[in-house]
Amino acid sequence: MEEKLALFKNRKRFGIEKNIDIIFKNTALVLSSFVAIILLGIVLVVFFQSFESFSRYGLKFLVTSEWNPVKDEYGAFTAIYGTLITSFLSLLITIPLGVGTAIFITEDFVPKVFREIIGSFVELLAAIPSVVLGLWAIFVMEPFFRAFFVFLHNFFGWVPLFSTEPTGRNSLLAILILVVMLLPIVTSIARDSLNQVPKKLRNASYGIGASRWKTIFSVILPAALSGIMAGVLLALGRAMGETMAVTMIIGNSNAFSWSLLSPGYTISSMLANQFGEADGSQVSSLFYAAFVLMILSLVVNIFAQWLVKKFSLKY
Amino acid sequence: MNSLFYQKNSSRNIGDKIFTSLSLICVVIAILPLIFLVTYILIKGGAQITPELFTLEPNPPGDDLDAGGINPALIGTLIITTIASMIAIPVGVGGGIYLAEYSKGGSFSRFIRFGVNVLAGVPSIIAGVFIYALIVSTKILFGSMYSGLAGGMALSILMLPTVIKTTDEGLKLVPNELRYASLGVGASMYTTILKITLPSAFRSIATGVVLGIARAAGETAPLIFTALFSYYYITGFGDLFYEMGSLAVLIYNFALEPYDAQNQLAWAASFILVLSILSVNIFSRILAALTEKTKRV
């Protein structure tokens with residue numbers, strides 16, 4: 001007994017083991033702070049690279065649409081307008097579709113197996129690389145919609161949005177391919193937030209005689225609203241930054257036009273197109289455009305996170 | 001009194017039916033593109049698959065009928081994603097370990113978790129722009145400009161948030177009793193993490209990481225001005241410092257070529273890319289479903 005106690009007392013941790021423990025912890029600490037370093041690095045690098053263009057053109061860069069490397073005139077209005085219009089309009093189409101789908105797979109219209117299959121189908125859509133969607137858009141979607149666009153122009157040509165003759169790739173196609181990309185995001189987040197609404201709310205609503213859709217519209221959807229909003233904002237961030245599919249189908253023209261049926265530009269497609277062969281002050285202007293894009297998506301993302309934190313369901 | 005019975009023609013029941021059909025229409029519209037897309041790629045791309053596809057170099061676009069193969073792009077994608085994983089997995093798992101095991105919910109860990117979410121939302125092309133400014137234009141990698149190594153670094157920025165998040169969440173699911181037991185028998189913190197908590201969270205972490213790799217393999221935007229593209233075979237280690245092709249960039253470049261032969265090659269590359277990404281996704285989904293059923297606590 002005495003012996004055993006003595007053994008116990010001497011059982012101190014070796015110095016080397018202690019040191020390993022400390023080193024391990026600090027390595028993990030350093031690795032986790034890499035995230036902050038990279039994030040800060042991205043903001044600072046893009047900002048400083050755009051500094052030359054920023055000091056030369058100032059805020060005029062944001063509202064003029066001249067982009068002429070020969071004359072050294074740069075303005076990104078067309079691209080900024082394109083980024084905003086494509087992402088907002090695609091979101092406008094995606095929200096009802098995505099939320100409708102989410103409602104369908106959280107209600108019990110069809111057996112659970114089918115709903116799960118539909119849910120994972122939609123999520124698989126998110127796994128398809130955007131460059132493949134772009135390829136598909138060029139060779140399948142564009143010919144498919146051509147007649148429809150001509151119809152749109154002929155009958156609604158008096159609306160500024162449809163005022164140009166459709167010629168191949170255009171902003172409307174980019175909006176449609178964005179809808180395909182955003183659907184899985186909105187659907188899966190809306191589904192998760194609808195699933196989190198407690199059953200007793202639904203039962204209470206049924207109990208006082210509300211019909212199913214009255215319940216959905218007046219009880220379930222309001223309760224899940226913050227989660228759905230956050231998903232919508234995340235989708236908005238994704239839409240603004242989406243590059244490949246949009247670049248391949250939007251037509252890449254810097255000539256400004258209100259019409260969705262004419263070729264357009266977004267900030268990301270401008271970067272994808274010009275970055276490789278740019279030099280001189282064009283590079284700096286491209287960095288300026290990238291900075292604008294980054295700020296836009298950062299603001300949207302941070303707002304989405306704030307929304308989740310502030311209004312997350314606490315039942 | 002009829003009011004106790006279901007009334008087919010009352011406005012509320014008709015309204016309900018209308019909305020139910022509307023939501024069904026939403027589902028159909030949401031699912032149709034996927035079905036069209038996958039079948040089209042499988043038919044159109046699958047028809048192009050030949051043994052030569054995997055062994056030949058692509059021919060530079062021109063009006064010759066034979067486009068060649070996609071060997072350099074296939075190998076390039078493997079190499080670039082491997083580089084990205086070799087950077088993102090150690091950093092991400094290490095960072096995740098700190099968040100889940102060491103941090104006590106203070107302001108630092110909250111800031112890092114917030115940063116992870118923000119980094120996940122940074123547009124992929126910005127990662128390319130960042131690496132271009134940091135590595136390509138400064139020629140910091142032994143004087144080479146566009147290189148497979150730079151492309152891998154750009155991809156690793158996109159993978160990092162996924163890896164940290166899955167590690168953090170996977171470790172949080174490990175019951176605390178396991179940690180207490182290990183610490184109680186006198187194991188140090190790092191032994192506990194390496195021998196007990198990491199192994200028990202291994203499967204969920206691995207699933208998340210593999211999904212992250214699959215996603216990175218299809219990313220194009222960060223590569224188009226970091227790794228650029230190459231038509232030539234990858235022959236040795238030194239090729240890491242030169243332009244490197246990848247399936248994703250091959251699809252982008254060849255989809256925009258006016259020649260039919262190059263377009264066909266883009267379809268074939270899409271077939272391979274989509275098939276591998278979808279099978280990884282489906283496989284890990286099945287695995288996750290199986291684990292959930294046999295979960296022990």
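Visitor: What scores does the model have for ipTM and pTM, and what is the mean pLDDT of chain B?
Guide: As this is a predicted model, its confidence values come before its geometry. In chain B, 96% of the residues reach a pLDDT of 70 or more. The model scores ipTM 0.90 and pTM 0.90, and the mean pLDDT of chain B is 87.

Visitor: How many helices and how many strands are there in chain B?
Guide: Read along its sequence, chain B follows the pattern α-α-α-α-α-α-α-α-α-α-α. The count for chain B is accordingly 11 helices and zero strands.

Visitor: Is chain B compact or spread out, and what is its radius of gyration?
Guide: The C-alpha atoms of chain B fill a box of roughly 80 × 70 × 35 Å along the principal axes. For 297 residues the globule rule gives 19 Å, and the value for chain B is well over that, so the chain is more spread out than a compact globule, with a radius of gyration of 25 Å.

Visitor: What percentage of the contacts in chain A with a separation of 6 or more join residues 24 or more positions apart?
Guide: In chain B, residues 24 or more positions apart account for 75% of the contacts with a separation of 6 or more. For chain A, the corresponding share is 78%.

Visitor: Which helix gives the largest share of the side of chain B that touches chain A?
Guide: The contact takes 69 residues from chain B and 69 residues from chain A. Elements of chain B that give two or more residues to its side include α3 (71-102), α6 (148-172) and α11 (260-293). The largest share, 18 residues, comes from α1(B).

Visitor: Which residues of chain A does Ile251(B) touch?
Guide: Ile251(B) is listed with Ile177(A), Ala290(A) and Ala269(B) as having the most contacts inside the largest nonpolar core, which has 175 residues. The largest share of this core, 16 residues, comes from helix α7 (residues 171-196) of chain A. Leaving out residues up to four places away in sequence, Ile251(B) touches Ala266(B), Ala269(B) and Ser270(B) in its own chain, and in chain A Val131(A), Val132(A) and Leu135(A).

Visitor: Which elements are included in what covers the buried residues of α5(B)?
Guide: Helix α5(B) has 13 residues and reaches 17 Å from its first C-alpha to its last, close to the 18 Å expected. Because 12 of those 13 residues are buried, α5(B) is largely enclosed by the rest of the structure; among the buried residues are Phe130(B), Ile131(B) and Tyr132(B). The cover includes α6 of chain B together with α2 (15-49), α9 (212-241), α11 (267-274) and α12 (281-311) of chain A.

Conventions
Residues numbered from 1 in each chain as written. Chains lettered and ligands numbered in written order. Predicted model: local features only at pLDDT ≥ 70, side-chain atom pairs only at ≥ 80, totals over all residues. Contact = placed C-beta atoms within 7 Å. Helix = DSSP H or I, 4+ residues; strand = E, 2+ residues; numbered from the N terminus. Rg over C-alpha atoms; globule rule 2.2 N^0.38 Å. Core = buried A, V, L, I, M, F, W, Y, C linked by C-beta atoms within 7 Å. Buried ≥ 20, exposed ≤ 12 C-beta atoms within 10 Å, placed from the backbone. pLDDT = per-residue confidence, 0-100. Expected span 1.5 Å × (residues − 1).
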